[in-house]
Amino acid sequence: GSPDTATAATSGISIYRGEDGSGNAITQASLIFDDGDDTWDLTNNLNVAGNVTIGTGTLSAARSLTLITNSEQNTIINLKESAATYGFSIGYYGVSNDFIIKRHDNATNGTDVLTLHRENSNATFAGEVEATSLDINGAANIDGLLNINTGAANTTAIFQSTDDKAFIRLKDNDTDTYLITKDGHFSIGDSSSDYDNFKVNISSGNATFAGRVIIGNDAITTDK
């Protein structure tokens, strides 16, 4: 960093701020260009009333803005209106190592909306995620109730496979049940290849049961 005053290796503006009540010199405010690291160093906060443009507008040139703090500290950008308690903030929080977008509705600290975790690729949304369409390429683990409401549309969900078989697996702590569609039949079985325990021909409506059919206390049996 640059010294408080310009030297032979530096040039810029340095403002003498006098002494405090104890006679100690107040650190000077300065904007100095340091030849040693080829940067401009500003010792105090900067308030800009107008726009800030980084770069000259050359489309092929790369630009970056880097904010660095000490270890375990936060780096925050505030987007506020009227007062510091309304708007949004985005920040990297050094203790939790999370990138968090917060909303501020008459609140200084704000409420987490979206959290991105540095140690993995997971994202946490604090509220609902609304979209006109949602495409998931890969596995989706939902910890909670999946509630699908399509309004007036009668098709609420489509589960599709690109090959000759598709199934839905229902599982509790000790039982697996598979709902299978394959070769024009709908089957219920205890594995993804168990087609014959209960099978319905989608075209004819004929049903095949591997065991007995029990209605009330009576079993319906047929001789082969």
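This is a predicted model: local features need pLDDT of at least 70, side-chain atom pairs count only at pLDDT 80 or more; totals for chains, interfaces and linings use all residues.

Reader: How many salt bridges does the structure hold?
Author: There are six, where a salt bridge is a side-chain nitrogen of Lys or Arg within 4 Å of a carboxyl oxygen of Asp or Glu.

Reader: Which residue pairs with Asp112?
Author: Lys102 does, with 3.8 Å between the closest N and O atoms. The pair connects distant parts of the chain, with Asp112 in strand E7 and Lys102 in strand E6, ten residues apart. Strands (E, at least two residues) are DSSP runs, numbered from the N terminus.

Reader: Is Lys102 buried or exposed?
Author: Lys102 is buried, because its relative accessible area is 13%; buried means under 20%, exposed over 50%, and partly exposed in between, with a 1.4 Å probe and protein chains only. Asp112 counts as partly exposed because its relative accessibility is 33%.

Reader: Which residues form a network of salt bridges?
Author: Asp164, Lys182 and Asp183 are linked in one. Lys182 meets Asp164 at 2.5 Å, N to O, and Asp183 at 3.5 Å between the closest N and O atoms.

Reader: And how accessible is Asp164?
Author: Asp164 has a relative accessible area of 45%, so it is partly exposed. Lys182 is partly exposed as well, with 22%.

Reader: Changing topic: which residue has a phi near 70°?
Author: Glu72 has that positive phi, although it is not a glycine. Glu72 is in the loop between strand E3 (39-42) and strand E4 (74-81). Asn106 also has a positive phi, near 60°, and lies in the loop between strand E6 (98-105) and strand E7 (111-117).

Reader: Why point these out?
Author: Because most residues other than glycine have a negative phi.

Reader: Lastly, where is Thr175 found?
Author: Thr175 is in the loop between strand E9 (165-171) and strand E10 (176-182). Its C-alpha atom is separated by 8.2 Å from that of Asp190, 15 residues apart along the chain. Thr175 counts as partly exposed, at 40% relative accessibility.

Key: Residues are numbered from 1 along each chain as its sequence is written. Side-chain values use heavy atoms; hydrogens and water are left out. Helices (H or I, at least four residues) and strands (E, at least two) are DSSP runs, numbered from the N terminus.
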